[in-house]
Amino acid sequence: MLTAAALTTLSATGLGAVASSNAYTARVEKAHPATGRRVPVRGYDVHVLEAGTGPEAVLMIHGASANAREFSWTLAPRLADQFRVLMADRPGHGYSARPPGSDTLAVQAAQMAGVLDEAAGGEPSVVVGHSFGGAVALRLALDRPDLVKALVLLAPVTHDWGGGGHAWYNRFAASGLFGPLFSQVVPLVGPAQVAAGIDNVFDPAPAPEGYYDKSGIGLLFRPPAFRANARDVRRLELELAAQSERYGELAMPITVFSGSKDTVITPKKHTARLKKQVALDLVILPDEGH
């Protein structure tokens, strides 16, 4: 049994972690505020950044450990002259609310469908999905093909990969028992660790200059966002094992861009398997990582 002194120490440590994480959240949200439109979907807001005023909409869905800002300074400026670009924060990420069941691809896709229904008038649109966002884009196309004119998948995760690859910190953060307290400590160490590891994600290509700050990656380390990301990642393989059985239903044009040196989402385990199930245009990017 814990002594009174031990309980006091634990309480003080916990309160200190909460105070520190609250201060971190205030700083990072001041540096990267919610500047987009809040689109109500099934009673939960989806935060959407917009660029361009073209007649056709393009919806962009970001990957794990990220948010919609990563498109705002990379791809969106290249498309804004011709399209209306919608960049949506996935549930629990960036500034989007997180409905119950958001660790399933069905709920995430439903929130993205709501964006197209509301912000694009329900017109068929091109949907772009990066990494984890590729899985959500595929589910959106399966569940609401009326909304998807074409799919563009960037280094997508598409299939179950045979286990493994789960970082220990996601296991702790996703835990119902340890997750809430563990996530309060994350802002103390997470930002420095990820900022230092970005080069490994893009390797062998160089990381875009200023990627961490320009993409607002620091928003990930707010405790609720970190837990949301952990729960997404922990459940993803189970979700994809079922979802991948439906890919034969896809009839819209699909283009996939895949880095030949991607060690985060191995093309052989994902893109190559998708290519056996559906017709797609595959663009191999030589000497590119994730």
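Student: Which residues touch the most other members of the largest nonpolar core?

Tutor: Of the 43 residues in that core, Leu59, Leu86, Val127, Leu140, Leu151 and Leu250 touch the most other members. A nonpolar core here is a set of buried Ala, Val, Leu, Ile, Met, Phe, Trp, Tyr and Cys residues joined through side-chain atoms within 4.5 Å. Buried means under 20% relative accessible area, exposed over 50%, and partly exposed in between, with a 1.4 Å probe and protein chains only. The model is predicted: local features need pLDDT of at least 70 and side-chain atom pairs count only at pLDDT 80 or more, while totals for chains, interfaces and linings use all residues. Residues are numbered from 1 along each chain as its sequence is written, and side-chain values use heavy atoms, with hydrogens and water left out.

Student: Which helix gives the largest share of this core?

Tutor: Helix α5, residues 132-143, supplies the largest share, eight residues. Helices (H or I, at least four residues) and strands (E, at least two) are DSSP runs, numbered from the N terminus.

Student: Which residues are included in the second, separate core?

Tutor: That core has 17 residues, and Ala174, Leu220, Phe221 and Phe226 are among them.

Student: Back to Val127. What does it touch?

Tutor: Not counting residues up to four places away in sequence, Val127 touches Leu59, Ile61, Leu116, Ala137, Leu140, Val148, Ala150, Leu151 and Val152. Contact means heavy atoms within 4.5 Å.

Student: And Ser125, is that buried or exposed?

Tutor: Ser125 counts as buried because its relative accessibility is 1%. Ser125 is found in strand β5, residues 125-130. A polar atom of the Ser125 side chain lies 3.0 Å from the backbone oxygen of Glu123. A polar contact is a pair of N or O atoms within 3.5 Å; within protein, one must be able to donate a hydrogen and the other to accept it, and residues adjacent in sequence count only if both atoms are side-chain atoms. Leaving aside neighbours within four places in sequence, Ser125 is in contact with residues including Ala57, Leu116 and Val148.

Student: Where is Ser131?

Tutor: Ser131 sits in the loop between β5 and α5. Ser131 is buried, since its relative accessible area is 8%. Beyond four places in sequence, the residues that Ser131 touches include Gly63, Pro156, Ile265 and His290.

Student: New topic. How many cavities of 30 Å³ or more does the structure hold?

Tutor: The structure holds one, and about 40 Å³ of space lies in the largest cavity. On a 1 Å grid over the protein atoms alone, a cavity is a set of points where a 1.4 Å probe fits but cannot get out, and lining residues have an atom within 4 Å of a point. Grid points are joined across faces, edges and corners, and a volume is the space filled by probe spheres set on the points.

Student: What lines the largest cavity?

Tutor: The lining consists of Ser65, Ala66, Asn67, His93, Gly94, Gly216, Ile217, Leu219, Leu220, Arg222 and Ala225. These residues divide into five nonpolar, five polar and one charged. Ala, Val, Leu, Ile, Met, Phe, Trp, Tyr, Cys and Pro count as nonpolar, Asp, Glu, Lys and Arg as charged, and the others, Gly among them, as polar.

Student: Which backbone oxygen does the side chain of Arg222 reach at 2.8 Å?

Tutor: That is the backbone oxygen of Leu219. A polar atom of the Arg222 side chain also lies 2.6 Å from the backbone oxygen of Gly94. Arg222 is placed in the loop between α8 (211-214) and α9 (223-243), and Arg222 counts as buried because its relative accessibility is 7%. Tyr24 and Arg222 are 198 residues apart along the chain, yet their C-alpha atoms are separated by 7.4 Å.

Student: What about Ser65, what is its phi?

Tutor: Phi of Ser65 is near 60 degrees, a positive value in a residue other than glycine. Ser65 lies in the loop between β3 (56-61) and α2 (69-72), and Ser65 is partly exposed because its relative accessible area is 29%. Most residues other than glycine have a negative phi, and most peptide bonds are trans.

Student: Which residues does a cis peptide bond join?

Tutor: Asp203 and Pro204 are joined by a cis peptide bond, with omega about 10 degrees. Pro204 is in the loop between α7 (179-202) and α8.

Methods:
1 Å grid on protein atoms, 1.4 Å probe; cavity = no way out; pocket = protein on both sides within 12 Å on 5 of 7 lines; lining within 4 Å.
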